[in-house]
Structure formats: C-alpha cells, structure tokens
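Please prepare a short briefing on the structure shown below, written for someone who is new to reading protein models.

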Amino acid sequence: MSVRDSGLGTRDSDRRVSIVGAGLAGSLLAILLARKGWKVELFERFADPRRSTVPAGRSINLALAERGREALREAGMLREIERIALPMAGRLLHDEQGNTRLQRYGQRDDEVIWSVHRGLLNIALLDGAEQAGVKIHFDRRLESADFSRQHLDFVDQENRQYGHDFDLVIGADGAGSALRQAMNEVSPLGIDEQPLGHGYMELTIPPGPDGTFLMKPDALHIWPRGGFMMIALPNPDGSFTCTLFLDNDAEPGFHQLDTADKKRAFVEQHFPDAVSLMPDLDRELAENPVGYLATLYVDRWHLDDKAVLLGDAAHAIVPFHGQGMNAAFEDTVALTRLLDEHDISQATLERFFVERKPNADAIAAMALDNYLEMRDRVRDPRFHLNKALEWELEKRLPDVYVPRYAMVMFHPEIPYAEALERGERQQQLLERLTAGHESLESIDIDQAVSLARNALKEP
Ligand SMILES: Cc1cc2nc3c(=O)[nH]c(=O)nc-3n(C[C@H](O)[C@H](O)[C@H](O)COP(=O)(O)OP(=O)(O)OC[C@H]3O[C@@H](n4cnc5c(N)ncnc54)[C@H](O)[C@@H]3O)c2cc1C
C-alpha cells in the first residue's frame, strides 16, 4: 500500500521541486532554492543524522576550498561552517625517516584550505534547509521513478512504501544514484564508470592529552611513497583522520595484505612516525573497509524537463584534489541560478549540462593527475624547483600566471576547464624554463618573466 508522503499534494506551483539525497549537495541546493521562494521537498534514505550516529565508512573530514566556500556564502551558511572548519596552510610531507617538510599551498596568508567534518557539515546544512522552509523526509530510499506519471516511490527501513508526485526531480543521491539508474532505464544517459584500481582505508590518530593535536594541526599531512600514499586531515577534537590510498591488486596492494600481520608490517614499514600515534591500529586494520574509487562520466544529466542530476550523481571523481564536494557545491549555485532565471524546461536543464560538463570533466582529469603529484612528484626536487619558479612568476605577473593548484583551490572565478587548459600551457613553459637548472638562483628570473608574458598571452 502506498502512503502519500507529501505535504504539497497538488501541482499548484511551477516553482516546486523534489530533491533525492540530503547529503552535501542536496541539502545545500535545497537551501538555495528555498531562499529564492521555491517549495522544496528533500528525501534522504538514512535516518535524521541529528538523531543518530553518522554513517561509518566514508571519509570523516573533507577539504573545503574557495569554490565550496563561495556556494556556502551564497546560501548564507559560510559563517556557520567556518565554526567547524580548521585552516590548512599547506602540505606537510613526511618522508620514510619521519622528517617533515612544509610546502605552502599559496603565497598569500588567505590561501588556505579548510578541513571540515563531513557529519557536522551535513547537519549544519540540514538545519539550514529546515530554517529556510524545506520539508525533509528522512528514512526514504528512492526505489523507483515513473517519469511519465511524474511519480516517485520510496521505501523506509521497515520496507513500507511511500509515493510522491513531482514536477521536477533533482538527483543529488551520490555516486550510486538510484535516480540516475531510473533515468537511464527510460533513455540511456551514456554512463561510463572508470574504476581507479586503487582503494582507500581510513585510520585514526586520536587527540593527545586534553584534546591536543599530536601533529601539526594547520596542515594536510602526506606520506608520499611513489605508488601509494597516506594523508591526514585535522579534526576540531584534536584527532586526525588518516586515509591510506593503495593499489588493490599490485604488490603492495590491499588484496595482497590479507592477514593482520602483513597489514601491520606494511604500515609500520612505510609510515613509522604515524603508526606510533595510532593506538587503535590493529582494530582499525581488521575492521575498517576498503573504499572503492572511480571516475564517473555521464553524457547527459537530464531527462526531458522532468529530472536532472548533479554532484556525485552526475560526475563522481577521485578525491585527490579535494574537489568533489566543492564541484558539487558549484553545481548547486549554477542550477539554482538557471532554474530561477528560466522556465523549467528541457532547454534550461540542457543549459546546466552545457555549462557544467566541461568543468566536471576538467576537474575529473586534474583529480586523477593530482594523485600522481601527491604520491610521487612531491618527492622530486624538480617539482619543488618548478613550484618556486611559478611563485616568482605569479608574484611578478599576477594577471597572467596563476599556478594551476591555486586556480582550482583559490580562484572560483576561473572555471575548472580554463584552469586545466591554462595549467597545461604553464606546465610546458615551466619545464622549458627550469630545464638544466637545479635551483632558482641559476635561473634568469627577468628573462623567465618576459618569456612567460609572451608565451601566456591570451591565445
Ligand atoms: C575518501 C574520500 C575523500 C573525499 N575528500 C574530499 C575532499 O577533501 N573535498 C571534497 O570537496 N570532496 C571530497 N570527496 C568527495 C565528496 O565526498 C563528494 O564529492 C560529495 O560528498 C558529493 O556530494 P553529493 O551530495 O553529490 O553526494 P553524497 O555526499 O554522496 O550524498 C548523497 C546523499 O544521497 C543519499 N542517497 C543515496 N541514495 C539514495 C536513495 N536511493 N534515496 C534517497 N537518498 C539516497 C545518501 O544517503 C546521501 O545522503 C571525497 C570522497 C571520498 C570518497
């Protein structure tokens, strides 16, 4: 038997929207639309996290950068989120001997990224959505969608069914999107999922006495080991969430580490300074799951004028640029603007795709590339020489030269696609300028600036 779930049963308004997934993108989108006067209903498969514990198995903290902050600002949520976020000024690289080296993210003091707790962020956004007048239905898992009848069917944990009529449904239900699957059954969307072949496992460095941090708190820690790496981000309670990224099948690889002794020996060998700070390591190695990583490419994000996807449901990426959520947040601003300025029509939903897809593809490519940078290139002295030179160029030519990392993390006015394209041209130039040099001192900076000015003029 079907129970009508909606408090807005009649189709009395063309500014009515139903969102599936009250995760990060869904709840932020709900706030943005509600603040523009839309009637928003939000459906989430899990129970209200404000009344239960945060689901385990996902990264506990996330890096929030300027694109995400911009979207939160637009939703009036930035101040609230800043209270639960910690600034990270750079990468702290840990070598095999336990020596560390800080590599700042940017040359200005405000060029920092923020470590924010996923659960607390989601809760703040749910609170914000309710305050903005959004009706949230928890414990409602989307089971099927009938687009011709404009009808969704949800089930709760007891398998009771709930029906809901929609005008426009938005899929913010993450990488495994049920809405995407339902749309694809009606009209193939061109879905291509490319597994990375590497997985991840989360480990914890707990707080020290009185909630003190046992490592430098204002940095993103990286243990680059060539083919694999571990990273750690600080949490406000003094702990660090560490994530080990490793090939699934190679040697070393998650499959080959099939006993407790092998796992322990592996982490002790490669991350000795971190292991000494992990009292729960044996339990975590035994219990924590290995997460799956893939890039998702979808050739169409909408179905007629009835449904549209955003965030991970449309373009899940690997996490190495810390941009999946940031990109999803950018989507929410773009879609809100388009829906608010135009009729709900196929053309409007198509416009969203045309605007966002090149950027989604670009950040997908840069995220894959950043894995190589984080786990391997940061160990190469040449990488640091290139960085030093590009900072000089940025200082002298701020309108012409912005390092690609800075474009992605600190310059939301530069679309991802432009960052990728400019970054490629800049990289070729850097390789030329540093060829045959071992330090900045031997490079003629005035000449490099002049070459850069000429080479990087708009094409
Ligand atoms: C290890 C790791 C580290 C990451 N680190 C970063 C980082 O540092 N910075 C960053 O920007 N990004 C990071 N990301 C990416 C980020 O987590 C995602 O891009 C982001 O969560 C996408 O938001 P979303 O709302 O689209 O999807 P999700 O956050 O996955 O939300 C989807 C929501 O839909 C709900 N849902 C799913 N199915 C249904 C259904 N059938 N019915 C109803 N509800 C449903 C889910 O319960 C969930 O609440 C990381 C990802 C991983 C895996």
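Around the ligand stand 33 residues, and the closest of them are G21, G23, G174, G311 and G324; a residue is counted here if its C-beta atom, placed from the backbone, lies within 6 Å of the molecule. The elements that give two or more residues to this shell are α1 (24-35), β4 (61-64), β10 (141-146), α9 (312-315) and α10 (324-341), where helices (H or I, at least four residues) and strands (E, at least two) are DSSP runs numbered from the N terminus. This is a predicted model, in which local features need pLDDT of at least 70 and side-chain atom pairs count only at pLDDT 80 or more, while totals for chains, interfaces and linings use all residues. Residues are numbered from 1 along each chain as its sequence is written.

**The shell around the ligand**
- The helix α10 gives the most to the shell, with four residues.
- The shell residues divide into 16 nonpolar, 12 polar and five charged, with Ala, Val, Leu, Ile, Met, Phe, Trp, Tyr, Cys and Pro counted as nonpolar, Asp, Glu, Lys and Arg as charged, and the others, Gly among them, as polar.
- At least three residues of the shell come from each of domain 1 (2-83 + 117-193 + 294-368) and domain 2 (196-293).

**Domains**

- β10 and β11 run antiparallel and are joined by five bridges, and two strands are said to pair if DSSP finds at least two bridges between them.
- R141 has V155 in β11 as its bridge partner, and in the hairpin of these two strands, which has four residues between them, Q150 takes a positive phi near 50°.
- β11 is also joined by five bridges to the antiparallel strand β12 (residues 161-165), where D165 is the bridge partner of H151.

**The seven-stranded sheet**
- Seven strands form an open sheet with mixed pairing, in the order β7-β6-β15-β16-β17-β14-β18.
- β7 (100-104) and β18 (291-298) stand at the edges with a single partner strand each, so one side of each is left without a neighbour in the sheet.
- Five bridges join β6 (residues 90-94) to β7 in an antiparallel arrangement, and L92 has L102 in β7 as its bridge partner.

Conventions:
Domain bounds come from an automatic or database domain assignment.
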